[in-house]
Amino acid sequence: MATVFLLTLSCQTTEDGTGADEAYLNFNGSRIFGPTNINDGESREIGVFRTFFGQATVDLFDEDSPDADDHLGGIVVRSSEAGLGQRVQAFTGDDAHYTIFYEVR
């Protein structure tokens with residue numbers, strides 16, 4: 001079993017062309033963070049720990065009530081990343097660009 005510590009979500013480019021996204025994260029299909037308003041050049045501290053076996057998925061969405069939420073991408077976190085220090089991956093779906101920083105222990 002491994003533990004991932006999700007540190008920070010940084011926005012380089014929002015999906016919403018006219019302002020902030022209402023970003024939230026799902027871990028293996030369950031919401032763990034957000035929604036939070038975030039705009040170009042901003043970051044948000046996540047501060048969430050989750051345990052998993054083998055690998056886990058983290059998906060980023062932009063909440064768009066009453067319309068369907070926009071999926072901005074997904075990453076896979078692997079237990080083999082344990083001990084490698086801070087890691088970074090990108091979400092680039094739907095013309096957005098975000099990065100997430102995390103550690104696997």
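Ground rule before I start: I call a residue buried when its relative accessible area is under 20%, exposed when it is over 50%, and partly exposed in between. Also for the record, this is a predicted model.

**Entry 1: ring pairs**

I looked up the aromatic pairs and found three in the structure. I started with Phe5 and Phe49, whose ring centres are 4.1 Å apart with the planes at 5°, so this pair is stacked. The two sit 44 residues apart, Phe5 in strand β1 and Phe49 in strand β4 (residues 43-52), and the pair links distant parts of the chain.

Is Phe5 buried or exposed? Its relative accessible area is 18%, and the limit for buried is under 20%, so Phe5 is buried.

Next I took Tyr24 and Phe61. Their ring centres lie 5.2 Å apart and their planes are at 15°, so I noted this pair as stacked too. Tyr24 belongs to strand β2 and Phe61 to strand β5, so the pair ties together parts that are 37 residues apart in sequence. For Tyr24 I read a relative accessible area of 6%, which makes it buried. Phe61 is buried as well, at 18%.

**Entry 2: the sheet**

The strands of that last pair sent me to the sheet. I found an open sheet of four strands, in the order β3-β2-β5-β6, with antiparallel pairing. Which strands are at the edges? They are β3 (30-38) and β6 (70-78), and each of them pairs on one side only. From one strand to the next, the twist averages 20°.

I zoomed in on β2 and β5. Strand β2 covers residues 21-27, strand β5 covers residues 55-62, and the two pair in the antiparallel sense over five bridges. I also looked up one residue here: Asn26 has Asp59 in β5 as its bridge partner.

**Entry 3: salt bridges**

How many salt bridges does the structure hold? I get four, and I went through some of them.

Arg31 and Glu63 meet through their side chains at 3.7 Å, N to O.

Glu42 and Arg44 form another salt bridge, at 3.1 Å, N to O. I have Glu42 down as partly exposed with a relative accessible area of 31%, and Arg44 as partly exposed with 23%.

Then there is Glu81 with Arg87, where the closest N and O atoms are 3.1 Å apart. Glu81 is buried, at 7% relative accessible area, whereas Arg87 is partly exposed, at 31%.

**Entry 4: a glutamate without a partner**

I wanted a closer look at Glu15. Where is Glu15 placed? I found it in the loop between β1 (2-13) and β2. Glu15 is buried yet has no salt bridge. The nearest side chain of opposite charge is Arg31, 14 Å away. A salt bridge needs the nitrogen within 4 Å of a carboxyl oxygen.

I then listed what Glu15 touches, leaving aside its neighbours within four places in sequence. The contacts are Asp21, Asp62, Asp64, Asp70, Leu72, Asp94 and Ala96.

**Entry 5: Ala82**

Last stop was Ala82, in the loop between β6 and β7 (87-91). Ala82 has 36% relative accessibility, so I count it as partly exposed. What does Ala82 touch, not counting residues up to four places away in sequence? The answer is Val104 and Arg105. I also noted the C-alpha atoms of Ala82 and Arg105: they are separated by 4.7 Å, although the two residues are 23 residues apart along the chain.

How values were computed: Residues are numbered from 1 along each chain as its sequence is written. This is a predicted model: local features need pLDDT of at least 70, side-chain atom pairs count only at pLDDT 80 or more; totals for chains, interfaces and linings use all residues. Side-chain values use heavy atoms; hydrogens and water are left out. Two strands pair if DSSP finds at least two bridges between them. Axes are lines fitted to C-alpha atoms, for helices over the stretch in contact, and angles run from 0 to 180 degrees between N-to-C directions. Buried means under 20% relative accessible area, exposed over 50%, partly exposed in between (1.4 Å probe, protein chains only). Lys and Arg count as positive and Asp and Glu as negative; His and the chain ends are not counted. Contact means heavy atoms within 4.5 Å. Rings of Phe, Tyr and Trp (its six-membered ring) pair if their centres lie within 6.5 Å; planes under 30 degrees apart count as stacked, over 60 as edge-to-face and the rest as tilted.
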